Amino acid sequence: MESKNQPGIYFAPLQESTDFVYRRAHALHFGGIDKYFSPYLLVQKDGGIKKSHLRDTLPENCTGYTLVPQIMAGNSRDFLFLAKHLSELGYEEINWNLGCPYPMVTGKGMGSGLLPQPGRIREILDQSLPQLSCRISVKLRAGLISNDEIQQVIPVLNDYPVSEVIFHPRIAKQLYNGSPDWELFAKVSGLIKHPLVYNGDIFSPEDFSRAQVKFKTVSAWMIGRGMLKNPFLATELKGVQLPGREERIAVLERFHGEIFGSYASLLSGQSHLITRMTKFWEYFCFLFPDPHKAFKRVKKSVSQSKYEMAVSENFLQLRSGE
Ligand SMILES: Cc1cc2nc3c(=O)[nH]c(=O)nc-3n(C[C@H](O)[C@H](O)[C@H](O)COP(=O)(O)O)c2cc1C
């Protein structure tokens, strides 16, 4: 994905943040992203897929950018069910989540819960890949409990035609604490035979330059929280000249307006709308001079009109730089 001059940048999947509303608005107002990844789809207890997950990956809701839907599966039956569903919708690449660190998922032998079981990963790939015509990429962590686990997983991945491996060099137990293990990433990059994508803690052009110097052979860079905090980041990293300050603020305002408008028509009731927008502001607030204050102002609004006032106040402060 990395062209001669421009690095390939992927927008990481983030549950409750990068849904179809957010992705569409981001692609429209900022761009710079080569692939967006959806938060994971899962087979429900009743054997079906949640309505909200179906809506999130419905092709007509995901136009104007390249989407790679992500699946969560701990056995080949679920894997095939989800991958076939998405493949039939026309998706040419599907990403398998082997990284989710949360016990609700790992306890069921999914996400990074599969990393200590390389035999099981092999079984799932063995039984699933021959039945699929789409590309399968994998997103994984260093391990569930220990970063020794990745060493057993790499040979398994190397045995299968996986299209890309996205590696976040932390173990599940760390969640997002501590630093990504850059030494481990370098080691993995020498062992894996598939295109390797770096993921973890890129928040600024400086972070990116440091990582680029260290890892010369990565095929692309996946960024999550850094993109939510600064939606211009991908274009910045690609060396595209950003508009002037006034225009940047106007873009942010239109972006916010678009997301707010979409949720206002999708969600019923002011409290749902404000809860959803408060989630958006958890990261968006970092663009404002006093992030904590900007976030608090939004969080305490009890009605749509109060919310709109809080947002106007935030943008007023952003314009005046206070
Ligand atoms: C709130 C939140 C939700 C996430 N949801 C997903 C998800 O659905 N699938 C996934 O593979 N990773 C998920 N992640 C992990 C991110 O995709 C990414 O790997 C992680 O944030 C590290 O990248 P970053 O440092 O650039 O943010 C989530 C992370 C956070 C903080």
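This is a predicted model: local features need pLDDT of at least 70, side-chain atom pairs count only at pLDDT 80 or more; totals for chains, interfaces and linings use all residues.
## Reading the model

Helices (H or I, at least four residues) and strands (E, at least two) are DSSP runs, numbered from the N terminus.

Residues are numbered from 1 along each chain as its sequence is written.

Most residues other than glycine have a negative phi.

Asp-201 is not a glycine either, yet its phi is positive at about 60 degrees. You will find Asp-201 in the loop between strand S8 (196-199) and helix H8 (205-214). Asp-201 is partly exposed, having 18 other C-beta atoms within 10 Å.

## Helix H1 and its neighbours

H1 is mostly covered, with 7 of its 10 residues buried. Those residues are Phe-20, Val-21, Tyr-22, Arg-23, Arg-24, Ala-25 and His-26. They pack against strand S2 (35-37), helix H2 (51-57) and helix H11 (245-266), where two residues are in contact if their C-beta atoms, placed from the backbone, lie within 7 Å. Just after H1 comes Gly-31, with a positive phi of about 65 degrees.

Two packed helices are described by the angle between their axes and the distance between the axes. The axes are lines fitted to C-alpha atoms, for helices over the stretch in contact, and angles run from 0 to 180 degrees between N-to-C directions. Angles under 35 degrees count as roughly parallel, over 145 as roughly antiparallel, 65 to 115 as roughly perpendicular and the rest as oblique. A crossing is left-handed if the near helix is turned anticlockwise from the far one by less than a right angle, and right-handed if clockwise.

Helix H5 (residues 118-128) and helix H6 (residues 149-158) have axes that come within 9 Å and cross at roughly 20 degrees, so the pair is roughly parallel. Their crossing is right-handed. On the H5 side, the contact uses Pro-118, Ile-121 and Arg-122, and H6 supplies Gln-152, Val-153 and Val-156.

The axes of helix H3 (residues 76-88) and H5 also come within 9 Å, crossing at roughly 45 degrees, and these two helices are therefore oblique to each other. This crossing is right-handed. Ser-76, Phe-79, Leu-80 and Ala-83 of H3 meet Glu-123, Ile-124, Gln-127 and Ser-128 of H5.

## A buried loop residue

Asn-147 belongs to the loop between strand S6 (135-143) and H6. Asn-147 counts as buried, with 20 C-beta neighbours inside 10 Å. Leaving aside residues up to four places away in sequence, Asn-147 touches Ala-142, Ile-171, Asp-181 and Leu-184.

## Around the ligand

There are 20 residues around the ligand, and Ala-12, Gln-15, Pro-39, Gly-224 and Arg-225 come nearest; to be near, a residue needs its C-beta atom, placed from the backbone, within 6 Å.

Technical notes. A residue is buried if 20 or more other C-beta atoms lie within 10 Å of its own, exposed if 12 or fewer, and partly exposed in between; C-beta atoms are placed from the backbone.
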